[in-house]
Amino acid sequence: MVEASEGIVVVQVKLASSRGFCFGVEDAIEIAESAVDTHGAGRVVALGPLIHNKQVVEELEKAGLEQNGNLGTVDAAKTVLIRSHGASPETFARAAERNLNVVDATCVLVKRAQTVVRQLHEEGYHVVMIGDPNHPEVQGVIGYAPNVTVIDHGADLEKELPYKERLGIVAQTTHAPEHVADMIAEILKRPYREVKVVNTLCLEVTRRQEAAVTLTRDVDVMFVLGGLHSANTRELAHLCEQEGCNTYHLETWDQFRPSMVDGCTIAGLTAGASTPESVIATFEQNLSQL
Ligand code: SF4
C-alpha cells in the first residue's frame with residue numbers, strides 16, 4: 001500500500017523497448033522445472049540461486065527446487081543443478097568424483113565465454129577477463145585456464161595486469177560495451193606485443209542497456225527493476241544514472257515510495273534480464289494508477 005503524497009503528478013509510464021527476461025534465464029528456469037518434474041520435489045539442488053532474482057528463486061523453491069552453494073554437503077542421492085552463471089571445470093570434476101547426477105543450466109553465452117578462455121590459453125595467450133572477480137559467472141569462467149587475470153576498473157590495470165607479451169581478452173557477459181572498450185583502450189597504451197580481444201558480451205544485455213539509456217532522454221525519473229545482486233540490473237541503473245536521470249533500482253512495487261515521483265510527469269520503466277514480466281506488469285499498473 002502506497003501512502004498518500006500531495007506532490008505526485010505522474011501522468012504517463014513509458015516502458016523500455018527491450019527489458020526483462022532473456023533467453024538464458026528462460027532456459028535456466030525451464031531446465032530447473034523439468035529437472036524437478038523428472039527427479040521429484042526436494043530431489044534437485046541448485047548450486048546457489050538459479051538466477052539473481054529473489055521472487056523467481058522463491059517460486060522455484062516452492063515448486064521443490066532446493067539450494068545449496070556448498071557442493072561438498074549436497075546429499076549424494078540428489079541431482080545437482082548448475083545455474084545459468086555456469087561453474088568451473090573443478091566443480092564438475094568434484095561432482096563427478098562424488099557420482100552426483102548433474103543437470104547443466106549454464107547459459108549458452110556463458111558456455112561460449114568458458115570455451116573462448118580455454119582456447120585462448122591453448123593458443124598461448126595470457127588470458128585477461130574484464131569483470132567483477134566476485135561474480136559467479138567470472139569465478140566459473142576463469143577456471144577454464146590457469147592464472148587468468150581479472151580486472152574490473154582502471155585502478156586494477158596497475159595492480160593486477162602482469163607483463164606478458166601476448167594477451168587474450170574476454171569480458172563478463174553483462175558488462176557495458178563502453179566500459180569494456182575503455183579498459184581495452186587503456187591496455188593498448190601499454191607495451192604488449194599482441195592483444196587479441198574476443199567479444200563475449202551478451203547482446204540481450206546490450207539491447208536492454210541501449211533501450212534504457214534512450215528512454216532516460218524522454219522521462220523525468222527511471223525505475224530499474226531487478227535483484228539488488230543482479231549484475232546486469234545494477235549496470236542498467238548505473239547507465240541511467242550516468243545519463244543524469246533520477247534513477248531508482250528496486251526489486252518490486254513494495255519498495256516504491258511516493259516521494260520518488262514527486263513532481264514527475266513521465267516515468268520510465270525497465271528491468272534486468274532476470275526480472276519476470278509479472279513484476280514489471282504489477283509495477284507499471286500501480287504506477288499508472290497513482
Ligand atoms: S543475460 Fe545474456 S549471458 Fe546472461 S543468462 Fe541472459 S542471455 Fe545468457
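Predicted model: local features only at pLDDT ≥ 70, side-chain atom pairs only at ≥ 80, totals over all residues.
The protein divides into three domains. Domain 1 is made of two segments, 12–21 and 204–288, whereas domain 2 covers 23–106 and domain 3 covers 109–201. The centres of domain 1 and domain 3, taken over C-alpha atoms, are 30 Å apart. Seven residues from domain 1 and seven residues from domain 3 take part in the contact between these domains. On the domain 1 side, α8 (203–216) and α9 (231–242) each provide at least two of the residues that touch domain 3. The most comes from α9, which gives four residues to this side. By class, the residues of domain 1 that touch domain 3 comprise three nonpolar, three polar and one charged.

The ligand is surrounded by 15 residues, and the closest are Cys22, Gly24, Cys107, Thr173 and Cys202. At least two residues of this shell come from each of the helices α1, α4 and α8. Helix α1 gives the most, with three residues. Nine residues of the shell are nonpolar, five are polar and one is charged.

Helix α4, one of the helices that contribute to the ligand shell, runs over residues 108–122. Its 15 residues span 21 Å from the first C-alpha to the last, close to the 21 Å expected at 1.5 Å a residue. The buried residues of α4 are Leu109, Val110, Ala113, Gln114, Val116, Val117 and Leu120. Viewed down the axis of α4, these buried residues fall within an arc of 160 degrees, so they line one face of the helix. Val108 and Glu122, on the other side of α4, are exposed. The cover over the buried residues of α4 includes the helices α1 and α5 (136–141), together with the strands β6 (126–130), β8 (166–171) and β9 (194–197). After α4 comes glycine 124, which has a positive phi near 95 degrees.

Glycine 64 follows α2, and its phi is positive, near 115 degrees.

Positive phi values also occur at two asparagines. Most residues other than glycine have a negative phi. Asparagine 99 is not a glycine, yet its phi is positive, at about 60 degrees. This asparagine 99 sits in the loop between α3 (89–97) and β5 (101–104). Asparagine 99 has 7 other C-beta atoms within 10 Å and is exposed. Asparagine 147 likewise has a positive phi, near 55 degrees, and belongs to the loop between α5 and β7 (149–151). Asparagine 147 counts as exposed, with 10 C-beta neighbours inside 10 Å.

Terms used
Residues numbered from 1 in each chain as written. Domains from an automatic or database assignment. Contact = placed C-beta atoms within 7 Å. Nonpolar A, V, L, I, M, F, W, Y, C, P; charged D, E, K, R; others polar. Expected span 1.5 Å × (residues − 1). Buried ≥ 20, exposed ≤ 12 C-beta atoms within 10 Å, placed from the backbone. Arc of directions from axis to C-beta. Near = placed C-beta within 6 Å.
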